[in-house]
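Open the model in your viewer and keep the selection panel at hand.

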Amino acid sequence: MTLVESEEHKALRASVAALGKRHGRTHDRDQLWSEAAKLGYLGVNLPEEYGGGGGGIAELSIVLEELGAAGSPLLMMIVSPAICGTVISRFGTDTQKQKWLPGLADGTRTMAFGITEPDAGSNSHRITTTARRDPDTGDWLLTGRKVFVSGVDIADATLIVGRTEDARTGNLKPCLFIVPRDAEGFERRAIDMELSAFEKQFELTLDDVRLPADALVGDEDAGLLQLFAGLNPERVMTAAFAIGMGRYALARAVEYARDRQVWKTPIGAHQAIAHPLAQAHIDLELARLMMQKAAHLYDAGDDIGAGEAANMAKYAAGEACVRAVDQSVHTLGGNGLTREFGLASLITASRVARIAPVSREMILNYVSHQTLGLPKSY
Ligand SMILES: Cc1cc2nc3c(=O)[nH]c(=O)nc-3n(C[C@H](O)[C@H](O)[C@H](O)COP(=O)(O)OP(=O)(O)OC[C@H]3O[C@@H](n4cnc5c(N)ncnc54)[C@H](O)[C@@H]3O)c2cc1C
């Protein structure tokens, strides 16, 4: 990894930025999704033999960051190619790869990802969605509840994190199942979120959902490893989402601060306005450096190193995004709250990056325990 972006990455960044600019904040999400897919951006991280670009999370995060910086982020990129595409391409059976990867790569198919549960939340060790085998058919029967799962209505299937019983110890171990959208017993209810985004969040009920034996992704005994392989790209991609949004808001604020004049100079000449914007820019740049490090470690196959860096990148980017949006809205005065300028809704949207997929506090816990070796309170 060099600290200077390669010519290839610069070119990718520039062409995605141009696409984002053509669509802008008021984009038609489906049109943008299919155009980005046709240009190969959505599957840039997936293997070439399945129609992907043969790149990694470094490239995919550039795509999401630049679309976000243009005001047109595609949230499902965090889940479909990044988590589900990664897990299937690394651990799926040949049949699963052939069935899913070409569609995930060319954007014609989408997969959502469900881990969060109402009674587990941040404590994913506590999830209770359970899979048992039908001894007669070998099918899986999946039962449980999930909450806040994004895009289930627009996804062809959801990758559900459940548990199976260890035959030897009786302990429950995590396993990943592909659940088709219309599977019998798989119910969804849209949650009324105060977010103005195209993608909705759902509460899911799985009531003895019958799945064929090959709905299980990878190895029943290596579920945890497979899960973490998907969660690191998710964190890097959430960082990209946050940095993109922060850049978008900051750019609007800078434009405004250059022009708006209420005394003898534009408001951007007042340091009370200029310095927090400069600080927001620095924070976003620093977060991007950590994101690039995390993506590089992940793409180089260092899952452990990537784990720490991806957490730190998600933390830094989430915080930088919240501060950048807050300062940008403030810079516009009353206009910061008008629909015309469209920044106020980013106040809620930016909080998503602080909460999901792992909250600010849980990352601080991770760094306290894993990196600093401090004792746990829970
Ligand atoms: C817009 C959006 C989209 C989402 N999309 C998905 C998705 O597609 N799939 C999916 O599975 N999930 C999704 N989520 C869920 C998300 O990952 C969870 O909201 C997140 O993990 C936090 O869980 P929780 O909401 O249950 O909060 P809780 O776990 O109930 O936490 C509440 C608060 O307590 C704090 N807290 C909890 N434990 C500790 C501790 N030990 N120490 C200190 N503080 C603590 C947390 O930091 C948080 O501030 C989404 C959420 C949102 C908002």
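Helices (H or I, at least four residues) and strands (E, at least two) are DSSP runs, numbered from the N terminus. Residues are numbered from 1 along each chain as its sequence is written. The model is predicted: local features need pLDDT of at least 70, side-chain atom pairs count only at pLDDT 80 or more, and totals for chains, interfaces and linings use all residues.

Select residues 7-23, helix α1, and residues 57-69, helix α3. Their axes (lines fitted to C-alpha atoms over the stretch in contact, with angles from 0 to 180 degrees between N-to-C directions) come within 8 Å and cross at roughly 35°. On the α1 side, show H9, L12, R13, V16, A17 and G20; on the α3 side, show E59, I62, V63, E66, L67 and A69. These residues make the contact (C-beta atoms, placed from the backbone, within 7 Å).

Next, colour the chain by domain, with bounds from an automatic or database assignment: domain 1 (7-110), domain 2 (112-220) and domain 3 (224-371). The centres of domain 2 and domain 3, taken over C-alpha atoms, are 30 Å apart. Between these two, 10 residues of domain 2 are in contact with eight residues of domain 3.
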